[in-house]
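Dear colleague,

Please find below the structure that I am handing over to you.

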Amino acid sequence: ADMGSIFEQFFGASRGARGGGRARPRRAPERGADVEYPVTLTFEQAARGTNLPLQIDRGDGKRETIEIHIPAGVKDGSRVRVKGRGQRGEGEPGDLFILTAVSPHAHFRREGLDVYLDLPISLYEALLGAKVDVPTLEGPRTLTIPPGASSGAKLRIKGHGIQRGDEKGDQIVVTKIIVPR
């Protein structure tokens, strides 16, 4: 017996019993395409989260305005997924991916969840100590510079960094002594 007839003995009978050819799998309705949408956020918007109105094309030529929530703590280059807001298809719609670019800040910089700020102080303030107002993401705070502070000293303001979920970073103030000319 050749291979073909052995094959038919095993598989042909059951196929015949079902009444002919293979059942065709039903084609699942096509899911809509995912859409990427770049947005530029300020340092504060990325740190604290924000709601943004976006005009998106859902694939049928009509533009739709939706408000999306950007969670606190997104980084430069993060992808935020908004389920079901991509292009419409025959089946479920695709997803929308917000690609975040974060503008640099004039004074703050981010390292992990901490926010760093360079603080220029006078030689006099460094020697004797001082109380100075410093900007934070929540507004100005008074910071005590201890007497004898050196240039590059790191002073911590607890809980004033980036918040992501339940975690919250600190603000680190780095002293920079400005020597008079």
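I begin with one residue. A polar atom of the Thr-136 side chain lies 3.1 Å from the backbone nitrogen of Glu-138. The backbone oxygen of Gly-139 is 2.5 Å from a polar atom of that side chain. For reference, a polar contact is a pair of N or O atoms within 3.5 Å; within protein, one must be able to donate a hydrogen and the other to accept it, and residues adjacent in sequence count only if both atoms are side-chain atoms.

Thr-136 sits in the loop between β8 (130-134) and β9 (141-145). Helices (H or I, at least four residues) and strands (E, at least two) are DSSP runs, numbered from the N terminus. With a relative accessible area of 7%, Thr-136 is buried, where buried means under 20% relative accessible area (1.4 Å probe, protein chains only). Leaving aside residues up to four places away in sequence, Thr-136 touches Phe-108, Arg-141, Ile-157, His-160 and Gln-171, a contact being heavy atoms within 4.5 Å.

Please note that this is a predicted model, in which local features need pLDDT of at least 70 and side-chain atom pairs count only at pLDDT 80 or more, while totals for chains, interfaces and linings use all residues. Residues are numbered from 1 along each chain as its sequence is written, and side-chain values use heavy atoms, with hydrogens and water left out.

As to confidence, pLDDT (the predictor's confidence in each residue, from 0 to 100) averages 87 over the protein, and 87% of the residues score at least 70. Where pLDDT is low, the predicted coordinates should not be read in detail.

The secondary structure comprises three helices and 13 strands. An open sheet of three strands runs in the order β1-β5-β4, with mixed pairing; strands pair if DSSP finds at least two bridges between them. Its edge strands, β1 (35-41) and β4 (79-82), each pair on one side only. Seven bridges join β1 to β5 (residues 96-102) in the parallel sense, and Leu-96 in β5 is the bridge partner of Val-35.

Finally, for the protein as a whole, 32% of the 181 residues count as buried. Of the contacts with a separation of 6 or more, 53% are between residues 24 or more positions apart.

Definitions and conventions. Buried < 20%, exposed > 50% of the residue type's maximum accessible area, 1.4 Å probe, protein only.
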